[in-house]
Amino acid sequence: MRIDIVTIFPEMCAGPLGLSMMGRAREKGLLDLRVHDLREWATDRHRRVDDEPYGGGQGMVMKCEPWFAAVEALRGEGTRTVLMTPQGRRFCQAEAEAFAECGHLVVLCGHYEGIDHRVVEALVDDEISIGDYVLTNGAIAANVFTDAVVRLIPGVLGDERSAEEESFSDGLLEAPCYTRPAEFRGMKVPAVLLEGNHAKIAAWKRERARERTAAVRPDLLAGEG
Ligand code: JFE
């Protein structure tokens, strides 16, 4: 899979996305990730990418010209162009699974108060919000989006547990987990986990998962997650 991220803060993506699982996906040749500075496509001699909003209002708006040049340079047949924005539809695991099927994503990270809407209308296939809170810029959101998608590319997780058996796939939160020692400062690991009865352990985990989900994410049990 190829992913191109376009931002005016490339360091905010290049660092995190070179480490850990992402770094291994790239080493294995499963991911071709490139982070671009939008200013590469600025047209004027000051490399300006923003300007004042028509109609007034707070802050600055990102200009059309650099975005059109960037996307037209990067996209090809079958590319999906994704904009990180608080105005987008909310990202979730099912969305991540769908994006993992794409061969090529171009991820646009806005900054300032927003992007000229002609960019959105002419170039963007998907407007995505990673959650109902406001970040300072789109590069932070692009890290989250990219991580969630890349780990679903077949072969990326390697020895780690398959993505399918985790939270949000079966619609429940995970049961709590423990490791040695069996007793720490008087706090005991639940006896069932030490006894080795695997059917009993599975039933215990299911029950704890249901309990925890009901307590903190009742929306998931209602099938709204
Ligand atoms: C940008 C900002 C106030 C934008 C445009 C670009 N899920 C999610 N939360 N926040 C973002 C995504 C996000 C994405 C891109 C962004 C925030 N900002 C800051 C601040 C209003 C805005 O509306 C700039």
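A nonpolar surface patch of about 250 Å² is formed by Tyr133, Leu135 and Ile140. Patches of this kind consist of residues with over 30% relative accessible area and no salt bridge, with nonpolar side chains (Val, Leu, Ile, Met, Phe, Trp, Tyr) joined within 5 Å and like charges within 9 Å. A salt bridge requires a side-chain nitrogen of Lys or Arg within 4 Å of a carboxyl oxygen of Asp or Glu. Accessible areas were computed by the Shrake-Rupley method with a 1.4 Å probe, and for residues only the protein chains shown count as cover. Tyr133 is located in the loop between strand 8 (126–129) and helix 6 (138–150); helices (H or I, at least four residues) and strands (E, at least two) are DSSP runs numbered from the N terminus. Tyr133 counts as partly exposed because its relative accessibility is 47%, where buried means under 20% relative accessible area, exposed over 50%, and partly exposed in between (1.4 Å probe, protein chains only).

The model is predicted: local features need pLDDT of at least 70 and side-chain atom pairs count only at pLDDT 80 or more, whereas totals for chains, interfaces and linings use all residues. Residues are numbered from 1 along each chain as its sequence is written, and side-chain values use heavy atoms, with hydrogens and water left out.

The protein chain is divided into domain 1 (2–150) and domain 2 (166–224), the bounds being taken from an automatic or database domain assignment. The C-alpha centres of domain 1 and domain 2 lie 37 Å apart.

A search of the whole structure gives 2 aromatic pairs. Rings of Phe, Tyr and Trp (its six-membered ring) pair if their centres lie within 6.5 Å; planes under 30 degrees apart count as stacked, over 60 as edge-to-face and the rest as tilted. The ring centres of Phe91 and Phe145 are 5.0 Å apart and the planes stand at 45 degrees, so this pair is tilted. Phe91 is buried at 13% relative accessibility, and Phe145 is buried with a relative accessible area of 1%. Phe99 and Phe145 form an edge-to-face pair, at 5.0 Å centre to centre and 75 degrees between the planes. This pair links Phe99 in helix 4 with Phe145 in helix 6, 46 residues apart.

Strand 1 (residues 2–7) is mostly covered, with 5 of its 6 residues buried. Strands are taken as paired if DSSP finds at least two bridges between them. Strand 1 runs parallel to strand 2 (residues 32–37), to which 6 bridges join it, and Arg2 stands opposite Asp32 in strand 2. Strand 1 also pairs in the parallel sense with strand 6 (residues 104–109) over 5 bridges, where Val106 is the bridge partner of Asp4.

An open sheet of 3 strands has the order 3-4-7 and mixed pairing. Strand 3 (50–51) and strand 7 (114–115) stand at its edges with a single partner strand each, so one side of each has no neighbour in the sheet. Strand 3 and strand 4 (residues 61–62) run antiparallel and are joined by 2 bridges; Asp51 has Val61 of strand 4 as its bridge partner.

Ala209 is placed in helix 8 (residues 198–216) and is buried at 7% relative accessibility. Ala209 and Ala175 are 34 residues apart in sequence, with a C-alpha to C-alpha distance of 4.5 Å.
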